[in-house]
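This report considers one protein model.

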Amino acid sequence: MQKFLQFINTCDRKIAEEIIDDANVVFRAPTSPEPMHGIDAYVGVVQMMRSGMPDVQWQIEEIIAEDNKVMCRFTLTGTQSNPFFGVPATGKKVAVTAMNIYEFNEDGKIIREEGLPDIFSLLGQLGAFNK
């Protein structure tokens with residue numbers, strides 16, 4: 001998970017290739033109604049987050065592991081300096097929780113992620129509901 005944290009905090013594709021099973025990974029995020037597949041899609045979601053908040057960083061707060069599955073509670077922080085989820089740039093700093101579930105193959109690579117960031121709180125902190 002520390003290597004995964006390096007990947008999402010830098011969007012370094014080389015790290016992604018080390019830790020994600022490109023041929024078999026399936027992940028879900030609130031940015032897509034359908035499951036996504038492959039490293040390219042994974043990198044695309046991280047780049048989308050970074051496009052709205054170039055300084056975005058994730059910090060692991062808690063990890064629970066059983067067999068080949070891990071649940072991780074993150075705190076995501078960043079400054080919205082560009083449009084994001086339809087909200088014009090605000091310059092506001094945000095801090096939100098994400099609870100994600102990961103599944104690993106026998107080689108220790110990620111084959112599944114269920115991403116559950118608190119998008120409602122994120123948009124609230126950006127003032128999206130003050131209109």
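The sections below begin with the basis of the model and then treat each topic in turn.

## Basis of the model

The model is predicted, so local features need pLDDT of at least 70 and side-chain atom pairs count only at pLDDT 80 or more, while totals for chains, interfaces and linings use all residues. Residues are numbered from 1 along each chain as its sequence is written, and side-chain values use heavy atoms, without hydrogens and water.

## The cavity

A search of the whole structure returns 1 cavity of 30 Å³ or more. A cavity is a set of points, on a 1 Å grid over the protein atoms alone, where a 1.4 Å probe fits but cannot get out; its lining residues have an atom within 4 Å of a point. The largest cavity holds about 310 Å³ of space, the volume being that filled by probe spheres set on grid points joined across faces, edges and corners. Its lining has 25 residues, of which Val-45, Trp-58, Asn-100, Glu-113 and Pro-117 are the closest to the centre.

By class, 20 lining residues are nonpolar, 3 polar and 2 charged. Here Ala, Val, Leu, Ile, Met, Phe, Trp, Tyr, Cys and Pro count as nonpolar, Asp, Glu, Lys and Arg as charged, and the others, Gly among them, as polar. Helix 3 gives the largest share of the lining, 5 residues. Helices (H or I, at least four residues) and strands (E, at least two) are DSSP runs, numbered from the N terminus.

## Helix 3

Helix 3 covers residues 38-52, and its 15 residues should span 21 Å at 1.5 Å a residue; the expected span is 1.5 Å times one less than the number of residues. The end C-alpha atoms are 23 Å apart, which agrees.

## The hairpin

Strand 3 (residues 57-66) pairs with strand 4 (residues 69-79) in the antiparallel sense over 9 bridges; pairing requires at least two bridges found by DSSP. Ile-60 stands opposite Phe-74 in strand 4. The two strands form a hairpin with 2 residues between them, and Asp-67 in the turn has a positive phi of about 55°.

## The cysteines

The structure contains 0 disulfides, a disulfide being a pair of cysteine sulfur atoms within 2.5 Å. The sulfur of Cys-11 lies 18 Å from the closest cysteine sulfur, in Cys-72, and is therefore too far for a bond. Cys-11 is buried, with a relative accessible area of 15%, and Cys-72 is buried at 0%.

Technical notes. Buried < 20%, exposed > 50% of the residue type's maximum accessible area, 1.4 Å probe, protein only. 1 Å grid on protein atoms, 1.4 Å probe; cavity = no way out; pocket = protein on both sides within 12 Å on 5 of 7 lines; lining within 4 Å.
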